[in-house]
Structure formats: structure tokens, C-alpha cells
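Student: I have a structure open and some questions about it. Can we go through them?

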Amino acid sequence: MQTLSTFENHLPRRVVVGRGRVSELASICKANGWLRVFLVTDAGVTNAHLAAPLIRLLEESNLLVGVYAKVPPEPELQIVDEISKACTAVQADVVIGLGGGSVMDATKVAAVVAKFGANASAYCGIGKVPGRGLGTVLVPTTAGTGSEATFVAILTDPTSGNKVGVVSPHLLADVAVVDPCLTDRLPSTITAATGMDAMVHALEALIAKVATPIARGLALEAARYLGPHLERAVANGGDSEARDAMAIGSHLAGMAFANSSCCAVHALALPLGGRYPIPHGVITGCFFGELMRHNASVCAGEILRFSEALGWDYQSVDEVCDAFDALAHRVGLNAMIRSVKVSATDLAGMAQAACGNQRLMGPNPVTLTESQVVAIYRKVLEVDERTT
């Protein structure tokens, strides 16, 4: 059994789970003494008519002082600075992030910038956040990123095109509200990508060198929710039982990797996603099987145990990795990633960036060289050497 002589665990201060519980946002804010609420969301959430009822609820409670509804996918650092300036201008004391990972990550960092000043870029890296920012309430509208449970925010640096992380326990939400009804109308493509990302979070949290006992337990419990329900949710968005299970599984997976780490799958995903318009969950879902083949030499037992928790019945790691690939194909991720033509000339730079990301590569069970990473990119993306 894997043990650690010393470890810490970090979790959101309060987690509220259940259908319809998003309606409690006003009372949650009042109970915490927050009377000036700033809401952050995006166009997708607004167009799905998820934001309007909450805006009305907060307005009727005389709490809402501002809304920023244009967070783009993969937000750049200056978006966070815009949000923080808007929060400061209306003297907000709490920021609610309603959306997927992009919205919640932007919210976490904007709350810090609004309190401590400087620009978002000043807090990029590990442990650079001086303290807790404004109050934060994170409300996921997808089942996959787990951002409401973590102290990591991933943003895009426009000067390099790379994804950068803000990493600090001070980013943990004051309150996370996990209400599965907010995911009921998610398109099947987003359901598939975010659901596979949650599965990757859970397995990487389980096999990471820094995994704590709590993280490993959360990862396996997440798998028990995700395994039987991902394809059901993709096939039928109105399957409330599947939606509920995916929401809980995603949150558990988020708590798992927040107390362990993501690994090589995410290290390879960040530079690729920074350079090409491919959704993060599509990338991680497609690279899942191939990276586990590389890791299997030292963590075969954990991979098989995870497979069992998913409800699968395989006897070898090769079968499990093939099953990951097959699942990504069945839910449509392979078609999405291969619709984007990646140039062979970009592979070396992406491999260098991936291997240089020791926050993610360091905890990976095996060490990968840049040449190995180039080969993995080439295989998964089906990039011909002559492609430019």
C-alpha cells in the first residue's frame, strides 16, 4: 500500500449538493455576510437561460451589484483583470462564478486581484497569492472540470500562447454549489468532453506520486459515479439519474486531484490547447489511453483498480487502455480532435513546454522525454511528419 509520511489536504470551505439548491444562493450570501454580489458567467450560460433566474433572484434580494457575462473559452489573463476592475468599481464583497472551468478559474483569480491589486499575471505560478481574495461562490454548469473544488486556475498568456496556472490554497471556494439541474441541457459534445476530463482527473489523482490517502479514496469513489453514467448522459441529456451521478463524480474527481495532482495527460494538453482551438476535455480524453500505456509499467495495479471502480471487467492494463481509447471514440472525441489539423512543426515546441511543466510532469509515475512526447502527440493527433 502506498503511504506518505506527511501530507496535507485542501477542500472547499462548504459544499452544497443537490437538485434545485442553486436557488439558495441569496440565502447563502446573506448567511456569510455578503451583501454586494458580483456575478461572472459566459455567453453559453446566458443563452441557455441559466443566468437569468439567478440574476433575478439576486436582484429581488437586493444583493446584485454587477454582472460580467462575456468570459470566453480559455480566458486570457487580461479578462481576469477586466473582471477584477469591475468588481472593485462596484465594491463587491463576493464573486459568484456560474459556468464551466473557464468561468470558475477566472472568478477565482479575479477575486484575488480585486482584493490585492496588481495584475493577474503577478499571481501566475505556485504559492504567489498572498491571501484569500473576495468571497467566492463557485457554481458549475458542466460536469467535468471540478474547478469548484480545486485551488488551481488555468488561464492563457497571450504573449506566449501557453496556458499558465495560478496555484494556491487561497483560491479554494468559500462555497461550492453543485446543482445537477444546471447540466440538464448541456449539448452531448460538451457532456462527453467534460465527462472524460473528470475521468482523467480521477485516475491521474489516483496514480500521482503525491497522492494522499484521501485523494485516492475520492478518486475511486468518483470512478464509481462516472463509469456507469458517462455514456448515458451523452446519449440522453434528460437522464436525470445520469446527470446527478456525473455532477457528483466530477466534483469528487476535482477534490481528488486538488489533494494529489494531475499528471502527464494534462501536461501535454496545456500547450496543445494553448496553440489550437481544441476544448480541453477533448484533448485529455483522447490522450488518456496512450499516456496510461506509458504509465502502466509502474502503476498497473492502480489502473486495474480504477477500471474495476468504473464497473469494467478487464484482466490486463492493455485492455483497459484500449477501453479508454474506445470510449473516447464512442462519445465523439476522436472526431473532434482530428478535425483540427496540427502542424508537425509545432510538436517539438509543445513537447518542450509539456516536459518543462514540472507541476504536472513531476508527479507523473514515469518520466517522459521530449522525444517520447513528440511521438505521443504524433500518434494521437495522427500528424504526418510532412505536415506543416
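Student: What share of the contacts with a separation of 6 or more comes from residues 24 or more positions apart?
Tutor: In this predicted model, such residues account for 78% of those contacts in the chain. A contact means heavy atoms within 4.5 Å.

Student: What should I know about the numbers and the model?
Tutor: Residues are numbered from 1 along each chain as its sequence is written, and side-chain values use heavy atoms, with hydrogens and water left out. Since the model is predicted, local features need pLDDT of at least 70 and side-chain atom pairs count only at pLDDT 80 or more, while totals for chains, interfaces and linings use all residues.

Student: How much of the chain is buried?
Tutor: Buried residues are 59% of the 388 in the chain. Buried means under 20% relative accessible area, exposed over 50%, and partly exposed in between, with a 1.4 Å probe and protein chains only.

Student: New topic. How many disulfides are there?
Tutor: A search of the whole structure finds zero. A disulfide is a pair of cysteine sulfur atoms within 2.5 Å.

Student: Is C263 buried or exposed?
Tutor: C263 counts as buried, because its relative accessibility is 0%.
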